[in-house]
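Please open the structure in a viewer and keep the selection panel at hand. The stops below proceed from the whole chain to individual side-chain pairs.

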Amino acid sequence: MGQGLKCVSPIDGSVFETRETLSQDDAFAAAQRARVAQVAWAARPLQERIDLVMAGVAAVGAMNDEIVPELAHMMGRPVRYGGEFGGFNERASHMAGIAADALADIEVGEDASFKRYIKRVPHGVVFVVAPWNYPYMTAINTVAPALIAGNSVVLKHATQTLLVGERMATAFHSAGIPDDVFQNVFLSHVVTNDLIAGNAFDFVNFTGSVGGGQAMERAAAGTFTGVGTELGGKDPGYVMDDADLDAAVETLIDGAMFNAGQCCCGIERIYVHESLFDEFVAKAVKIVKGYKLGNPLDPETTLGPMANVRFASEVRAQIEEALAKGAKAHIDTFPEDDGGAYLTPQILTNVTHDMRVMRDESFGPVVGIMAVKNDEEAIHLMNDSEFGLTASLWTRDLERAQSVGDRVETGTVFLNRADYLDPGLCWTGCKNTGRGGGLSVIGYQNLTRPKSYHLKKVTS
């Protein structure tokens, strides 16, 4: 018998939906069905798999009017932003478009005696554990290319966004993808670990906390199952002395505050050249004071509640600890701040790296801003972190940006933009942000294995 999962809405603390988890026996049976179904799925022509996946994507798009308010109820994103289908479709479309080339055989050489080449073959069963903050876009990063490459996929979605996996399964099955090839499952942590430890899967892709990623790796230890992880982040922005100040302020503050700061690559700390510091802070404060915190179902709301009260409590704790150590808060408490999930966005100055708000992942609408004297100081501070997902650099000098970027310990270097995932580039991180890479050609490499063919044509 499984256990109950509850999605508690951040709008009012009510239980929005519940689901029962699978028992261990039923979970292993589901994984076995995926393994059996994968063989016939991989045997289908590549273009057929592409067409079916993209039909499934379109079917998700057809549900968007229902999905947008559903997301507001589950994780608090304002309906005014229209959901995630644009990015969902963009990522799947790109991976579909590059599939033939990315999965093509690597020709090593052929003559009268030998034919040699390397194929890319699917792992088999890919297990995707997806997060709640961008529940559709993060899931499709792996689901689409894994299916296109010939894997079957078992998706376990976050409890906070309990209905997302069901929506995707309904859409993909309606498009003709077999039920056992793409499965949405509800699992307890214990059964999840048992499945991984029991070799139920051939590859695991996890997006979530550092602790969650460590649990996945511990479960897989000794099984030789591949594990790809995208974990925590503390992404920096660096505004150089020649930056377009208005563009930098607008983009970095949006990157810090959008989605109530609950973005994998959201900006969590900003370093500004001392010559621009005061003006940057003044402009940033003006932007944040213009936000409307409120019910995400209200089209006028620009900042909804955090997805869970405990997430907001952690952000409040970081802010309070920083203030106790001498930080300065620039935003007065909003009237809508209820001490729970509805949290006032905050800008802090007089911050140092001795404060958790500049070290630990906040994952909420708060950002610390520090003045720096030069590139050397900025690079040192950007690298003074256990995480490395993205870094946003602001300058009019391309070569300077490339030089600074080469020295920043990160997965992606942005110039004059932030908080964006380009599916043509590998989405990856370093340090405690995790290992592996999604999207791009490299995404296909991680979702397949190489198989070499050394064929001797003649024996005499």
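A salt bridge is taken here as a side-chain nitrogen of Lys or Arg within 4 Å of a carboxyl oxygen of Asp or Glu. The model is a predicted one, and by this rule the count comes to 23 salt bridges.

**The whole chain**

Begin with the cartoon of the protein, in which 14 helices and 21 strands are assigned. The C-alpha trace spans about 80 × 55 × 40 Å along its principal axes. The radius of gyration is 23 Å, which agrees with the value near 23 Å for a compact globule of 460 residues. Of the contacts between residues at least 6 apart in sequence, 73% join residues at least 24 apart.

Next, switch to a surface. The protein exposes about 18,700 Å², and carbon and sulfur atoms supply 50% of this area. Buried residues account for 55% of the 460 residues. Colouring by charge shows 39 positive and 58 negative charges, whose mean positions are 5 Å apart.

**Lys234 and Glu268**

Select Lys234 and Glu268, whose side chains meet in a salt bridge with an N to O distance of 2.9 Å. Lys234 lies in the loop between β9 (226-230) and β10 (235-239), whereas Glu268 belongs to strand β11 (residues 267-273); the two are 34 residues apart.

**Helix α6 and its partners**

Move to helix α6 (residues 164-174) and select Glu166. Glu166 forms a salt bridge with Arg19, the closest N and O atoms being 2.7 Å apart. This pair links distant parts of the chain, since Arg19 sits in strand β2 (residues 15-20), 147 residues from Glu166. Glu166 counts as partly exposed at 26% relative accessibility, and Arg19 is also partly exposed, at 22%.

Now select Arg167, also in helix α6, together with Glu66 in helix α3 (residues 64-75). Their side chains meet in a salt bridge of 3.4 Å, N to O, and the pair is 101 residues apart in the chain. Arg167 is buried at 16% relative accessibility, whereas Glu66 is partly exposed at 46%.

Conventions. Residues are numbered from 1 along each chain as its sequence is written. This is a predicted model: local features need pLDDT of at least 70, side-chain atom pairs count only at pLDDT 80 or more; totals for chains, interfaces and linings use all residues. Side-chain values use heavy atoms; hydrogens and water are left out. Helices (H or I, at least four residues) and strands (E, at least two) are DSSP runs, numbered from the N terminus. The radius of gyration is taken over C-alpha atoms; the globule rule is 2.2 Å times the number of residues to the power 0.38. Buried means under 20% relative accessible area, exposed over 50%, partly exposed in between (1.4 Å probe, protein chains only). Contact means heavy atoms within 4.5 Å. Accessible areas come from the Shrake-Rupley method with a 1.4 Å probe; for residues, only the protein chains shown count as cover. Lys and Arg count as positive and Asp and Glu as negative; His and the chain ends are not counted. The place of a charge is taken as NZ of Lys, CZ of Arg, CG of Asp or CD of Glu.
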